[in-house]
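Okay, thanks for coming, everyone.

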Amino acid sequence: MWGFMGGGRTGLPDKFEEQYHCYSAAMADKTHLEQGDKILLPPSAFDVLARLQVDYPMLFQLQNPNRGTLTHCGVLEFTAEEGSCVIPFWMMQNLLIEEGGVLTVTNVSLPKANFVKFQAQHVDFLEISNPRAVLEHALRNFSCITKGDVICVPYNSKNYHFEIKEVKPQDAACIIETDCNVDFDAPVGYKEPSSHSAPSSGNASSSAGGSSSFGDF
């Protein structure tokens, strides 16, 4: 079923919108998808998108119509089985959707991000020698980010999770080939040393801000 919106006189739609059954990367034996935010769509989706005047890189909004949750992503390949899409498991958790659940996929245009604030979900991320570099390297596998999402960053056989606390200029933005200021809230569970009035490490506070450049990988 193609959920096209606003067709013109030529009969071609001006927006791509479709519903697919959603499956995790592990279920589809595509575990490499867990390292970023890109999904797999079926070949028929490419056939339609190729006829539309869509912006590149192709970006999409994913919405769970049963829960009202949504996020944004890029596309890696058009190799999924017809009627289905394959997405990272961490993305399924954000969307509160189970294997085989129905997702609404809509092609969207997003502005370039100029500011992002993250919060590590555990203090163990501070044990990494250069946590900022690890996060920035991982984000090169991402196309866009959405406020409120919790993303997964695999590193040294361990998964680290970050909540996206703030995104500018709007709550969802593209981070491909853009200069973006990055800031950090103190990790969940972090306690300031009692002998200091401020955290001893800039990585544990919002003072850790800096400019980062995300490339297209």
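**Two prolines to start with**

Let's begin at Pro169, which sits in the loop between E10 and strand E11 (172-174). The peptide bond joining Lys168 and Pro169 is cis, with omega at about 15°. There's another cis bond between Tyr56 and Pro57, and there omega is about 0°. Pro57 is in the loop between helix H1 (43-49) and strand E3 (59-64). When I say helix or strand, I mean DSSP runs numbered from the N terminus: H or I of at least four residues for helices, E of at least two for strands.

A word on where this comes from: it's a predicted model, with local features needing pLDDT of at least 70 and side-chain atom pairs counted only at pLDDT 80 or more, while totals for chains, interfaces and linings use all residues. Residues are numbered from 1 along each chain as its sequence is written, and side-chain values use heavy atoms, with hydrogens and water left out.

Asn156 isn't a glycine, yet its phi is positive, about 50°. You'll find Asn156 in the loop between strand E9 (150-155) and E10. Buried or exposed, then, for Asn156? Asn156 is exposed, because its relative accessible area is 63%. The cut-offs are under 20% for buried, over 50% for exposed and partly exposed in between, with a 1.4 Å probe and protein chains only.

Glu177 also has a positive phi of about 50° without being a glycine. Glu177 is placed in the loop between E11 and strand E12 (178-185), and at 58% relative accessibility Glu177 counts as exposed.

**The chain overall**

Stepping back, the chain has 3 helices and 13 strands. It runs to 217 residues, and 47% of them count as buried. Now contacts, meaning heavy atoms within 4.5 Å. Take those between residues at least 6 apart in sequence: 75% join residues at least 24 apart.

Gly101 gives us a local example of that sort of link. Gly101 is in the loop between H2 and strand E6 (102-108), and it counts as buried because its relative accessibility is 19%. Leaving out residues up to four places away in sequence, Gly101 touches Tyr20, His21 and Cys22. Cys22 is 79 residues from Gly101 along the chain, but their C-alpha atoms are separated by 5.5 Å.

**The aromatic cluster**

On to the rings. There are 7 aromatic pairs in the structure. To pair, rings of Phe, Tyr and Trp (its six-membered ring) need centres within 6.5 Å; planes under 30 degrees apart are stacked, over 60 edge-to-face, and the rest tilted.

Phe118 and Phe162 make an edge-to-face pair, 6.4 Å centre to centre with 80° between the planes. Phe118 belongs to strand E7 (residues 115-120) and Phe162 to strand E10 (residues 158-168), so this pair ties together parts 44 residues apart in sequence. Both Phe118 and Phe162 are buried.

Phe162 has another partner: Phe125 and Phe162 are edge-to-face at 4.5 Å centre to centre and 90° between the planes. Phe125 comes from the loop between E7 and helix H3 (131-138), 37 residues from Phe162. With a relative accessible area of 4%, Phe125 is buried, and Phe162 is buried at 1%.

Which residues do the ring pairs link into a cluster? Phe118, Phe125, Tyr160, Phe162 and Phe184.

And H3 itself? With 6 of its 8 residues buried, H3 is largely enclosed by the rest of the structure. Those buried residues are Pro131, Arg132, Val134, Leu135, Glu136 and Ala138.

Last stop, the lining of the second largest cavity. Strand E4 (69-77), helix H2 (89-95) and strand E8 (144-146) each supply at least two of its residues. E8 gives the most, with 3 residues. Among the lining residues are Asp37, His72, Trp90, Cys144 and Asp149. A cavity here is a set of points on a 1 Å grid over the protein atoms alone where a 1.4 Å probe fits but cannot get out, and lining residues have an atom within 4 Å of a point.

Definitions and conventions:
On a 1 Å grid over the protein atoms alone, a cavity is a set of points where a 1.4 Å probe fits but cannot get out, and a pocket is an open set with protein on both sides within 12 Å along at least five of seven lines; lining residues have an atom within 4 Å of a point.
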